[in-house]
Amino acid sequence: MKKVLIAFIEQVLQFDSKAEYQEYIHKLKTGRPQKFKEMDVKEDAAGKVFLTIRKQYNNNAFPDN
């Protein structure tokens with residue numbers, strides 16, 4: 001029998017500015033309860049911000065590390 005032990009969605013997002021990125025993270029922290037972890041954040045010379053993030057999938061367990 002199959003059992004899901006851990007599940008998450010990994011996304012790579014692009015924001016036009018650091019402010020837009022910060023607003024997105026703020027909404028994640030204050031919105032509906034969903035665990036997430038920022039895996040990587042990079043900013044290019046043009047000011048675009050690239051975020052690699054893992055988000056909890058449904059109510060499945062989310063890795064702590």
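The following questions and answers concern a predicted model. Local features require pLDDT of at least 70 and side-chain atom pairs count only at pLDDT 80 or more, while totals for chains, interfaces and linings use all residues. Residues are numbered from 1 along each chain as its sequence is written, and side-chain values use heavy atoms, without hydrogens and water.

Colleague: In what order do the three strands of the open sheet stand?

Modeller: Helices (H or I, at least four residues) and strands (E, at least two) are DSSP runs, numbered from the N terminus. Two strands pair if DSSP finds at least two bridges between them; S2 and S3 are joined in the antiparallel sense by seven bridges. S1 and S2 stand at the edges, each with a single partner strand, so one side of each lacks a neighbour in the sheet. The order is S1-S3-S2.

Colleague: Which residue of S3 is the bridge partner of Lys37?

Modeller: Strand S2 spans 36–43, and strand S3 spans 49–56. In S3, the bridge partner of Lys37 is Arg54.

Colleague: Within what arc do the buried residues of H1 fall, seen down the axis?

Modeller: Buried means under 20% relative accessible area, exposed over 50%, and partly exposed in between (1.4 Å probe, protein chains only). In H1, Tyr21, Ile25 and Leu28 are buried, whereas Lys27 and Thr30 on the other side are exposed. The arc is taken from the directions from the helix axis to the C-beta atoms. The buried residues line one face of the helix because they fall within an arc of 55 degrees.

Colleague: Which residues make up the largest nonpolar core?

Modeller: A nonpolar core is a set of buried Ala, Val, Leu, Ile, Met, Phe, Trp, Tyr and Cys residues joined through side-chain atoms within 4.5 Å. Helix H1 (18–30) and S3 each supply at least two residues of the largest one. Its seven members are Phe15, Tyr21, Ile25, Leu28, Val49, Leu51 and Ile53.

Colleague: Is Phe50 buried, partly exposed or exposed?

Modeller: Phe50 lies in strand S3. Contact means heavy atoms within 4.5 Å; not counting residues up to four places away in sequence, Phe50 touches several residues, including Leu13 and Val41. Its relative accessibility is 29%, so Phe50 counts as partly exposed.

Colleague: What is the phi of Asn58?

Modeller: Asn58 is found in the segment after strand S3, and at 55% relative accessibility Asn58 counts as exposed. Most residues other than glycine have a negative phi. Asn58, a residue other than glycine, has a positive phi, near 50 degrees.
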